Amino acid sequence: MKIEDFVWTDELSVGVNEMDDQHKVLIDKINKLVSDLNEDAPSAYADFQDLAGFVVKHFEDEEAFMESTGYPGLDTHK
């Protein structure tokens with residue numbers, strides 16, 4: 001069964017350019033991994049590691065931004 005790509009739309013925007021840009025990168029990395037898995041490509045593990053590392057960085061950046069703006073849902077997000 002082939003998994004379809006995720007597609008960025010403006011409805012996904014959180015209205016913060018830096019976060020939206022990172023979300024677009026996340027989608028690209030997810031789609032690369034999905035493509036590798038669909039093709040049984042040997043690079044799938046490396047792409048998974050790349051995605052996982054970026055996810056950690058993204059959440060650190062996102063939570064730091066939320067903290068800097070006094071976002072009330074920060075604890076729930078964490």
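**Close-up 1. Phe-54 and the residues it touches.** In this predicted model, Phe-54 touches Gln-22, Val-25, Leu-26 and Lys-29, if you skip residues up to four places away in sequence. Phe-54 also belongs to the largest nonpolar core, which is the subject of the next view.

Close-up 2. Helix 1 and helix 2 are the elements that give two or more residues to it.

**Close-up 3. Helix 1 against helix 2.** Here you can look at how residues 17–38 (helix 1) pack against residues 44–68 (helix 2): the angle is about 160 degrees, and the axes sit 9 Å apart. An angle over 145 degrees counts as roughly antiparallel, so that's what we call helix 1 and helix 2. The crossing of helix 1 past helix 2 is left-handed. Sorted by class, the contact has 11 nonpolar, 3 polar and 8 charged residues. Helix 1 brings residues including Met-19, Ile-30 and Asp-36 to the meeting, while helix 2 brings, among them, Phe-48, Val-55 and Asp-61.

Close-up 4. His-23 is part of helix 1. Is His-23 buried or exposed? Its relative accessible area is 16%, and buried means under 20%, so His-23 is buried. Setting aside neighbours within four places in sequence, His-23 is in contact with Trp-8, Val-14, His-58 and Glu-62. Take His-58: along the chain, His-23 and His-58 are 35 residues apart, yet their C-alpha atoms are separated by 8.3 Å.

Methods
Residues are numbered from 1 along each chain as its sequence is written. This is a predicted model: local features need pLDDT of at least 70, side-chain atom pairs count only at pLDDT 80 or more; totals for chains, interfaces and linings use all residues. Side-chain values use heavy atoms; hydrogens and water are left out. Axes are lines fitted to C-alpha atoms, for helices over the stretch in contact, and angles run from 0 to 180 degrees between N-to-C directions. Helices (H or I, at least four residues) and strands (E, at least two) are DSSP runs, numbered from the N terminus. Angles under 35 degrees count as roughly parallel, over 145 as roughly antiparallel, 65 to 115 as roughly perpendicular and the rest as oblique. A crossing is left-handed if the near helix is turned anticlockwise from the far one by less than a right angle, and right-handed if clockwise. Contact means heavy atoms within 4.5 Å. Ala, Val, Leu, Ile, Met, Phe, Trp, Tyr, Cys and Pro count as nonpolar, Asp, Glu, Lys and Arg as charged, and the others, Gly among them, as polar. Buried means under 20% relative accessible area, exposed over 50%, partly exposed in between (1.4 Å probe, protein chains only). A nonpolar core is a set of buried Ala, Val, Leu, Ile, Met, Phe, Trp, Tyr and Cys residues joined through side-chain atoms within 4.5 Å.
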